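Here are some notes for a colleague who has not looked at this model before. Please read them with the structure open.

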Amino acid sequence: KELCKIVDIMTMGDAACAYVALLRTTIEKHHELFVECYGLPECIPKFHYTMHLAHVLERLQINPSCFVTERKHSLCKQIAGRTFNNFENTILQEVLRQTLREYHAEGAMDLEGLAKDVPLEDDELLEQFHGGFPHLTNVFANCSAKLGIGNIKRKDLVLLELTGFQVGRIVLFFKLVFIAQIPQFMAHVELFEKKIRVRVEVWRNQTYDRTYQVHQG
């Protein structure tokens with residue numbers, strides 16, 4: 001029951017920041033009940049990590065998605081298996097080192113497209129796109145896009161050079177389709193835009209639309 005409460009709060013998005021006190025007491029109660037039922041030896045490192053959740057929400061006033069870091073779970077376990085000192089710092093440094101090595105690999109940061117082309121159904125967003133692009137015929141959207149090193153997904157944190165190196169959070173990816181006329185054939189064809197556009201939620205709940213561009217080097 002207590003674990004369900006924790007999950008309910010942590011999946012509320014930034015609204016969870018209003019329940020810091022409840023989250024802290026619920027986590028403490030869950031741990032106490034777990035030890036009472038199964039014993040202290042059955043506790044795992046994740047129990048310790050959850051003790052920081054309330055403090056993080058209180059200090060940042062933002063709720064970073066825990067599902068993002070789950071994608072690095074197997075790498076963390078692999079490093080933890082050979083770590084005996086300074087457990088948290090060692091894992092963090094090693095994960096960062098290996099991630100940066102992947103980023104520097106050739107083609108690692110090339111944006112290849114949406115994970116899947118799904119027609120955008122948000123009427124308000126569609127109206128905005130059609131207002132800005134008169135020859136637009138279709139808009140595809142997805143919460144995930146493909147990079148050379150894997151997928152970048154909704155709620156991933158990114159660094160925005162456009163806004164003076166602010167931290168942003170991915171909201172949604174878009175791909176635009178335009179209609180073009182070929183005079184010599186007297187026909188019209190649909191052209192897919194090569195760039196993938198992305199809506200990013202900037203720190204302090206401001207939203208900007210920009211094109212995701214990769215800078216090598």
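**Notes on the predicted model**

1. The protein chain has eight helices and 10 strands. Helices (H or I, at least four residues) and strands (E, at least two) are DSSP runs, numbered from the N terminus. Residues are numbered from 1 along each chain as its sequence is written. This is a predicted model, in which local features need pLDDT of at least 70 and side-chain atom pairs count only at pLDDT 80 or more, while totals for chains, interfaces and linings use all residues; side-chain values use heavy atoms, with hydrogens and water left out.

2. Confidence is given as pLDDT, the predictor's confidence in each residue, from 0 to 100. The protein chain averages 77, and 78% of the residues score at least 70. Among the elements, H2 has the highest mean pLDDT (92) and strand S10 (residues 206-211) the lowest (44). Over residues 205-217 pLDDT stays under 50, and the model has 32 contacts beyond four places in sequence for them. Contact means heavy atoms within 4.5 Å.

3. Of the 217 residues in the protein chain, 29% are buried. Buried means under 20% relative accessible area, exposed over 50%, and partly exposed in between (1.4 Å probe, protein chains only). The chain exposes about 14700 Å², with carbon and sulfur atoms supplying 57% of it; areas come from the Shrake-Rupley method with a 1.4 Å probe, and for residues only the protein chains shown count as cover. Among contacts with a separation of 6 or more, 57% join residues 24 or more positions apart.

4. Which residues of H1 are buried? They are Glu-2, Ile-6, Ile-9 and Met-10. Seen down the axis of H1, these fall within an arc of 90 degrees, so they line one face of the helix; the arc is that of the directions from the helix axis to the C-beta atoms. Their cover includes H2 and helix H4 (53-60). On the face turned away from the buried side, H1 carries the exposed residues Cys-4 and Asp-8.

5. Tyr-19 sits in the loop between helix H1 (2-10) and helix H2 (20-38). Tyr-19 is partly exposed, at a relative accessible area of 37%. Together with Met-12 and Leu-22, Tyr-19 makes a nonpolar surface patch of about 260 Å².

6. Not counting residues up to four places away in sequence, Ser-144 touches Leu-114, Ala-115, Asn-151, Ile-152, Lys-153 and Phe-173.

Key
Patches are made of residues with over 30% relative accessible area and no salt bridge: like charges are joined within 9 Å, nonpolar side chains (Val, Leu, Ile, Met, Phe, Trp, Tyr) within 5 Å. A salt bridge is a side-chain nitrogen of Lys or Arg within 4 Å of a carboxyl oxygen of Asp or Glu.
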